[in-house]
Amino acid sequence: MQIPAAFDYERASDVANALALLERHGPESRVIAGGHSLLPMMKLRLARPDWLIDINGLAELDFILREGDQLRVGALTRHAALLESADVAGLFPIIRDAERVIADPVVRNRGTIGGSLCQADPAEDLSTVCDVLRALAVIRGPDGERTVSMADFHRGPYETAVAHNELLCEIRYPIRPRSGSAYEKVERRVGDWAIVAAGAAVALSADGTVEDAAIGLTAVGLDGTVPEAEAVLHGRQPQEDLFAEAGRIAAAACDPVADQRGPVDYKRHLAEELTRRALRRACARAAAAGNG
Amino acid sequence: MQISMKVNGNDVTRDIEPRVLLVHFIREELGLTGTHWGCDTTNCGTCVVLMDGQPVKSCTVLAVMADGHEIRTVEGLAADGTLDPVQQGFMEEHGLQCGFCTPGMMLTARALLDRNPHPDAAEIREAISGQICRCTGYATIVRSVQWAAAHPLAKDPAADDGAAGASTAEEVTA
C-alpha cells in the first residue's frame, strides 16, 4: 500500500492567502492542485513535504478568457476544461491535440495546466505546447507579479522559475493572424507518457510564406524550441521538402536517451517524422485559419 | 483534521490524518468496500468514484480534498431498491466477468450518460480509456453502457417483471 509520509494540510482561500501560507510554512511546503503529479510522488516518498497548501478553492485561477490579442488561461484550469473549450480549439488546436493524449479522461478531470507546467516532467506535453506558442507565464509572489517567457520559466527537469514562495497564476498565449499549430505524439499505449512528441506553431505572411515558426520536441532532452529548424522555414513557401528538412534538423538537435520506451535511433527517427507531421498539419491549419 | 462530505446522499463527518487517501477513507472509515483499490498508481481506474458528479481516481485524491464535496460510490447507484440503468445494462449485456473493475466502470458510465445521454461506441471507449478490465471484457462493457443509454428509465426486472426487455446490442446500436 502506498501512503504518503505524514504532512500538515491547509486550504488556501485566495491567491494572497496561498502566498501567505507558503511564506509562513517555508520551503518544505508544497502547493497541491489536481494532485496527479505530486500525490504519486508523495506515495513513492520521492516527495515529502511538511505542508500541503491546497489551492483547489482558488476559483480566481480557473478561467479561459479571450482578451484582445491574447488568450488567458488560469493555472487552475483542468485539462478537461482546456479540451472542451471552443476558444482553445479554434485558436490553438495544438492544445487540443496535446490534451487529447494527456493521461486519460478521468485524470484530466483533476489535473491542471499549472500543475503540469510546474511539475516540469521532461516528458510532459504542455511545456512543448507553451514553448511553441511562445506563451508567457504569470507568477505571483510576495513582491508582486512578474511575467516570464517559457525560456525563462524552464529551469531543467522538475525545476521552474516559480520559487517556493511563489505561485504560477496564469498562462498567456499570443493570438496571431494566419496561424496554425499541431502536436504529434507517439506513446506505447493510450494515456502513457510520450516516447517522443513534436509540437509546431506557424504564422503565415499574406503571400503564404512562413513568417514565423516554432518547433519543439518532448521527451528527447531538448530545452525550449529548435531555432535552427525554425530558421530554415522562415520566408519560404510551406511544402513537403521544407518540412522534411526541418525534421532532419530537429532530429539532429535533440538528445534522446535509451530507456524502456526505446533506443536512441528510434527516438531520433520519431523526432524527425513527428516534426514533419506537426509542421504539415500546422501549416495546413494556418492556411485555413481565419483567426485574425 | 475534521472533514465533512456527502457520500451517497448522507452527510458524514470524520476526524482523519491529512495523508489518508479518499479510496481508503471510503473503504475503511465508511466501510463502503464497493469502491475497489487496485494499482495505487492512478493507472487502473478501479477506484473511480464521482466527486461532484465527475469521475475521479480516489487513490489520487486526499480525503481532506473531498471535504465539502459530494461523493457517489457504486453503493449510491441504485435508488430505493431500483438498479441504475447502468447496473441493469451490465447485467443484461454481461458487462462483468471477475467484477473487479466494475464499480469504477459503472460510475464512469453514469457520469458519461449524465453528460451525453446517447454516446456512440467511440465515445464510450474514450470515457473508459483510463480504466482497465483485466478480463479484457471491453466489448461487453461498451454494450452494457449502450444498453443503459437505450433504456434510461430501466427498472429492476425483479420489480417490474422484466419490462426493460432483453434487448440485443444490435438493437441498441441501430
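Analyst: In H11(A), the buried residues are A:Phe243, A:Ala246, A:Gly247, A:Ile249, A:Ala250 and A:Ala251. A residue is buried if 20 or more other C-beta atoms, placed from the backbone, lie within 10 Å of its own, exposed if 12 or fewer, and partly exposed in between. This is a predicted model: local features need pLDDT of at least 70, side-chain atom pairs count only at pLDDT 80 or more, and totals for chains, interfaces and linings use all residues. Residues are numbered from 1 along each chain as its sequence is written, while chains are lettered from A and ligands numbered from 1 in the order in which they are written.

User: What covers the buried residues of H11(A)?

Analyst: Contact means that C-beta atoms, placed from the backbone, of two residues lie within 7 Å. The cover of H11(A) includes strand S11 (210–218), helix H10 (227–233) and helix H12 (264–288) of chain A. Helices (H or I, at least four residues) and strands (E, at least two) are DSSP runs, numbered from the N terminus.

User: What span should helix H11 have at 1.5 Å a residue?

Analyst: The expected span is 1.5 Å times one less than the number of residues. Helix H11 (residues 240–253) of chain A has 14 residues and should span 20 Å, which agrees with the 20 Å between its end C-alpha atoms.

User: How many helices and strands does chain A have?

Analyst: Chain A has twelve helices and eleven strands. Its radius of gyration is 19 Å, close to the 19 Å that the globule rule gives for 292 residues, so chain A is as compact as a globular protein of that length. The radius is taken over C-alpha atoms, and the rule is 2.2 Å times the number of residues to the power 0.38. Of the 292 residues, 51% count as buried.

User: Which domains does the assignment give for chain A?

Analyst: Domain bounds come from an automatic or database domain assignment. For chain A the assignment gives domain 1 (8–54), domain 2 (59–174) and domain 3 (179–288). The centres of domain 2 and domain 3 of chain A, taken over C-alpha atoms, are 20 Å apart. Their contact takes 19 residues from domain 2 and 22 residues from domain 3. On the domain 2 side, H8(A) gives the most, with five residues.

User: How many residues does each chain give to the contact between chains A and B?

Analyst: Chain A gives 25 residues and chain B gives 23 residues.
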